[in-house]
Every structure is written in structure tokens, then in C-alpha cells.
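Welcome! Take a moment to turn the model around, and then let us walk through it together.

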Amino acid sequence: MDFGRTSREQELRGEVRAALGEPEVRAALDALRGEREPDVRPLYWALGRRGLLAVSWPEEYGGRGASHAEAAAVIEELVHGGVPDMLHVLSIQIVGLFLLQAGSPEQKARLLPAMARGERFATVLYTEPEVGSDLAGLITAATRDGKGYLLSGVKVYGLKSAMSDIGLCAARTGRGPSKYDGISLFLVDLDAQGVRRSHIGSIADEQFDHVEFDRVRLGPESVLGTEGEGWSLLTRCLAIERTGLDYSLKAERWYRAALAGIEPDAADDRFLEQVGRYGAAVDAGRLMAWQIVDRLDHGEVDPAAAAAAKYHTSETAQEVALWAAEVHGLGYTLRALADEQATVLEAAYREAPGLTLSAGTSQIMLELVASTAFAAVEGN
Ligand SMILES: Cc1cc2nc3c(=O)[nH]c(=O)nc-3n(C[C@H](O)[C@H](O)[C@H](O)COP(=O)(O)OP(=O)(O)OC[C@H]3O[C@@H](n4cnc5c(N)ncnc54)[C@H](O)[C@@H]3O)c2cc1C
């Protein structure tokens, strides 16, 4: 497996590193330090102007027509350079992907170039107070009103709504024989009348959002894909967006921070065994993520492999964060951590519990893998 070592990927990695060293970008990065949930938009604007946010999108929409692997190489370099990636994951990697897959020519032309430039941002609004894993049970409703719709309901536990202009919202537009019928996806202007955004407290740096829709007027151009057929679009896009790359990058970053400054002489056998075990798990996660990315470039979408990658990378990142806390806690006093690594690990410890819930819980990932394996056995 080649971890992004084609000459084009190397060029792009070099371009990102050079951009991160430029004074304007450096200053935008430095401005994020010390903030609990900093506003990353000025940094993204600077990266967007350099064409580094959406390299895999077609050129007509502000991208460079790069491959999935080339885009993954860019993302790795951005994260290695300290760029917070959550808004990128939501806006470019998820909502952008939906638009590319199912947007009308008008929607793509209106939204994608501004998103690629880092001038507009989008977030994901699926979860509801009573509906998480079983998303098909959602009750937020978009009822017909003339040519458009009136949207009412509550979405919770999304991220980055306060920094976003558009919400990709799943809502019910009808009912059918199964609960999967009658679900539609909407691109909602988050500044529209009737939208109320607030935070739900979280121990992690990134605060959760509570977004309420009170008879928000949506035009017909707000529907993404075909009305009532949102579920098949959701499942298709989930299988493409779920590479595990973002989780594997967290695992790698936290593992490196945990090892920083280690005094080898002070490490006992148990500690060295853990260094090897977690290091292998981190490497395996990166390999799994890159295999998914590589397969996407060959037109192969494998939901079970993607679920396995998400499961492994998120579980590993969580274990590494908890291990790092133990290593730097009472049991071991191997070294004094530099401020930078201490900050990374302290935030990791608070972020880790959410990783095995977000973007599909671990149990749901295992269920997906198991049901695919079961179907394959049944089919033979
Ligand atoms: C960090 C973070 C970021 C998030 N970002 C977003 C976002 O941007 N947008 C958004 O819409 N939502 C977001 N969410 C919400 C997330 O998608 C939900 O938390 C998730 O889908 C689980 O739903 P739930 O919390 O209602 O838990 P539930 O679905 O109620 O699950 C509770 C527990 O039961 C288990 N469980 C549920 N069903 C089954 C089953 N069939 N078999 C076995 N076990 C099961 C689950 O695995 C879990 O352990 C985020 C959550 C977190 C933690």
C-alpha cells in the first residue's frame, strides 16, 4: 500500500507545507491557539484562496479535479500542520460530497465554488432529541406550502452550526410502507427566519448545536436530490464519506503527543508493550483508511469495509487518548510534557468519548459489518 507517495501527491503535500509557512496562513493558525473552539474561518479563507480546501472537486466548482488519494494527502498535511479539520469534514467532505453526488447544476454552481473558496460553510443536521442511530425514525417535517415547504423540528448534537451558512437537514416529507420512505434532504439557509441556533454543553472543545426550525420557509431549490428519496442518497453518501481518515489522523496525532519526550530508560516492559501495540493499531488504522480512499479512486464503494475502518480508527483513537492520560497521569512520571503536547492530550481526553458515537456508533458499525458478512454467507 502506497501512503500517498505518487509524485502528484508529494507535490500537493509540499504545496500545503509551503502554504502553512506563509505569513498570512501562519498568522491565521497562530490566532487559533488558546481558544477552546476557535473560529477557523479566517484560516480556511486563506487556504481556500490558495485552492487547498477542495482539491478533488471539479475545476468548474473551485477544485482541481484531483483524486481521492490526492485529496487525502492534502488533508493529512493540513492536519499534521495543526489545521483543525472538523469544519472541513462537515462542509467539504460531507455536504460538498452530497452536492457533487446529487445536487442540481444550479445548486452546484451556486454553492460549491463559494464553499471551495472557504467563503461559505455547511454543516450536517440529522440527529434529533429522540432519534440518533435509528435515523429513519426522524420526525422533523417539511410540509408542502405552495411550491415550497415549511420546515419544523429540532436537530441536536450537530457541530459547527454557528460557523455555518447552510445546514444539510434530513426531514420527513411524507410516509410510505416503510419508515425509510418519505425522507428528504434539504439545504437550509441557517440565517433564514425561524431558525434558532444555540449550544448544548459538552466536555469536548467543540460544543454541540441545538438547531430549532419553526416554520422555516424553503423554496423548491432547497431539496437535494429527489423528494422522498433521501434515504438511499444518505446511505450511498455515508458509504463514500466514511473512510476513517479523520479518526486515523486523530489517533496518530494523539499517539505522537503521548510519546513526545519519552525517556527510554524510564520505560518499563508494560509501557513498551503498549507503545508497540498502540503504534501498530494506529498504523493499521491509517492503512485501512487509505485502502478505502484507494478503492474510491477505482470506483469501488464497500460500506462494510468503510464501517470496519470507522470502527477501528475511532476505537483506536479513543484507546490512545485514554492510554495517554494514564501514561501522563499518576501511574507514570516518565517526563514533563511540553505545553503543546499537554494541550493536545488534555483536549484529546475530553474529545475521545464522542468518537465512537459520531458518524455512526461502534455498535452500528459492527452491525453493518456483521449483516454484510451474514448476507454473503446466505448468498453462497
Ligand atoms: C462528537 C459528535 C459529533 C456529532 N456530530 C453530529 C453532526 O454533525 N450532525 C448530526 O446530525 N449528529 C451528530 N452527532 C450525533 C450522532 O450522530 C449520534 O450521537 C449518533 O447517531 C448516536 O445517536 P444517539 O446519540 O441518539 O444514541 P442512540 O442511537 O440512542 O444509541 C445509544 C447507544 O445504543 C446503541 N445502539 C443503538 N441502536 C443499536 C442497535 N440497533 N444495535 C446495537 N446497539 C445500538 C448505540 O451504539 C449507543 O451505544 C454527533 C455526535 C457526537 C458524539
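Among contacts in the protein between residues at least 6 apart in sequence, 75% join residues at least 24 apart; two residues are in contact if their C-beta atoms, placed from the backbone, lie within 7 Å. What you are looking at is a predicted model, in which local features need pLDDT of at least 70 and side-chain atom pairs count only at pLDDT 80 or more, while totals for chains, interfaces and linings use all residues. Residues are numbered from 1 along each chain, as its sequence is written.

Start with the overall build. The protein has twelve helices and eight strands, which are DSSP runs numbered from the N terminus (helices: H or I, at least four residues; strands: E, at least two). Its C-alpha trace spans about 75 × 55 × 40 Å along the principal axes. Of the 380 residues, 41% count as buried. Here a residue is buried if 20 or more other C-beta atoms lie within 10 Å of its own, exposed if 12 or fewer, and partly exposed in between, with C-beta atoms placed from the backbone.

Now look inside. In soluble globular proteins, nonpolar side chains tend to be buried together. The largest nonpolar core has 84 residues, and V74, V95, L151, L168, F186 and V188 have the most contacts inside it. (A nonpolar core is a set of buried Ala, Val, Leu, Ile, Met, Phe, Trp, Tyr and Cys residues joined through C-beta atoms within 7 Å.) Helix α5 (residues 86-102) gives the most to this core, with nine residues. A second, separate core of 18 residues includes Y255, Y278, A317 and A321.

For a contrast, visit A141 in strand β2 (residues 141-145). A141 is partly exposed, because 16 other C-beta atoms lie within 10 Å. Neighbours within four places in sequence aside, A141 is in contact with S152, G153, A171 and R172.

Finally, find the ligand. It is surrounded by 16 residues, of which G132, S133, G354, S358 and T361 are the closest; a residue is near a molecule if its C-beta atom, placed from the backbone, lies within 6 Å of it. The elements giving two or more residues to this shell are β1 (122-125), β3 (148-159) and α12 (362-379). Where does the ligand lie relative to domain 2 (124-229) and domain 3 (242-379)? Both domains give residues to the shell, so the ligand lies between them; the domain bounds come from an automatic or database domain assignment.
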